[in-house]
Amino acid sequence: MTDHPDHLPVLPVQTIGLLAPRPGETYADATAGLGGHAAAIAPRLAPGGRIVLNDLDGSNLERATERVRAAAGDSVEVLPVHGPFARLPGVLADRGIAADMLLADLGFASNQVDNPNRGFSFKQDGPLDMRLDPSRGESAADLLARIDERELADLIWRYGEERNSRRIAQKLVAARRDAPMTTTSRVAQIVRSAFPPGAARKSRIDPATRTFQALRIAVNDEIGQLEALLDAIGRGAEEQAGPGGWLNRGARVAIISFHSLEDRPVKRAFADLAARGLAERLTRKPITADKAESRRNPRSRSAKLRAIRLADRVE
Ligand SMILES: C[S@@+](CC[C@H](N)C(=O)[O-])C[C@H]1O[C@@H](n2cnc3c(N)ncnc32)[C@H](O)[C@@H]1O
């Protein structure tokens, strides 16, 4: 199977440099996606290493597993885990696995956003779905059908950092009285109508961008998932492969985020672990893409990579 032509892992050299994989180690990929990072790491774990691939999206997980198995060779074990990464620490602990490296490359993969049937993009018409795991949970259409106007305005404000949130919520709620919100193009058109004429021409981004981001974050509980993972990393740093621990001593943890709502809690959690002597920060400032990567891979332009190394021993 070929990879999605547009898909390139973000900040691959820097991420692998910080994770510093060694033969025989265990790598946990919380967001396997299309397996780009994991396939590059796999050969470095041979002989005898292990890779745990986690993703909410069952079809991406299958593709990543196939790709990473091909890259890993026979001596590296590859274990797929389907589900939200907030549950990954528990899955690892239950199986008696402690990771030496953890990567979370947040958000969506290019093949998800480019597929109109997944409903992530306002650029193409499609069903208003937005679930990273389309097999369960509430779609964006279901969410928009039940939420009240005030709650919707708060959601667009909080997760989209959208100043026009009240007017957008008002327009969406008024429009759903005429007909349910079931397509991306209808929602995008209603959101755009909440802006003064000419706003789209003045701004570099489409007026629907922030509202779509907010709906996607809400549908997938993205901030709740990230907070849960950060809490588990904190607990892992305290336990460090004691009974029930899921991260080994000296484990390297890297997180790539794509907007400030994600980067802020990562920065705070890593600084807190460093202040408590439980980890060393490997990045004082987040690492960002250089010009060449930004040109090659537009998605890398907003990426911020932060990493820590857990202490070798907790006194
Ligand atoms: C940016 S892509 C990862 C790309 C991957 N690093 C690569 O090189 O191919 C993000 C992936 O994370 C998955 N994802 C996002 N949130 C998740 C969550 N809470 N739990 C599990 N997977 C999640 C998405 O389904 C998507 O496949």
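How many of the 315 residues of the protein, in percent, count as buried? I found 45%, where buried means 20 or more other C-beta atoms within 10 Å of the residue's own, exposed means 12 or fewer, and partly exposed is in between, with C-beta atoms placed from the backbone.

**Ground rules.** I am working with a predicted model, in which local features need pLDDT of at least 70 and side-chain atom pairs count only at pLDDT 80 or more, while totals for chains, interfaces and linings use all residues. Residues are numbered from 1 along each chain as its sequence is written.

**Overall build.** I counted 14 helices and seven strands in the protein; these are DSSP runs, helices being H or I of at least four residues and strands E of at least two, numbered from the N terminus. The radius of gyration is 20 Å, close to the 20 Å from the globule rule for 315 residues, so the protein is as compact as a globular protein of that length. That radius is taken over C-alpha atoms, and the rule is 2.2 Å times the number of residues to the power 0.38. Along the principal axes, the C-alpha trace spans about 60 × 45 × 40 Å. I also checked contacts, meaning pairs of residues whose C-beta atoms, placed from the backbone, lie within 7 Å. Among contacts between residues at least 6 apart in sequence, 70% join residues at least 24 apart.

**Helix α7.** Which residues of α7 are buried? They are Leu-152, Ala-153, Leu-155, Ile-156, Tyr-159 and Gly-160. They cover an arc of only 160° around the axis, which puts them on the same side of α7; the arc is that of the directions from the helix axis to the C-beta atoms. These buried residues pack against α8 (165-178), α11 (209-219) and α13 (260-275). After α7 comes Glu-161, with a positive phi near 50°.

**Helix α8.** In α8, I found Ser-165, Ile-168, Ala-169 and Leu-172 buried. They fall within an arc of 100° seen down the axis, so they line one face of the helix. An α-helix has 3.6 residues a turn, so residues three or four places apart point the same way. On the other side of α8, Ala-174, Arg-177 and Asp-178 are exposed.

I noted a cis peptide bond from Ala-46 to Pro-47, with omega near -5°. Pro-47 lies in the loop between α2 and β2, and Gly-48 is also placed in the loop between α2 and β2. Gly-48 counts as exposed, with 11 C-beta neighbours inside 10 Å. Met-130 is not a glycine, yet its phi is positive, about 75°. With 25 other C-beta atoms within 10 Å, Met-130 is buried.

Conventions
Contact = placed C-beta atoms within 7 Å.
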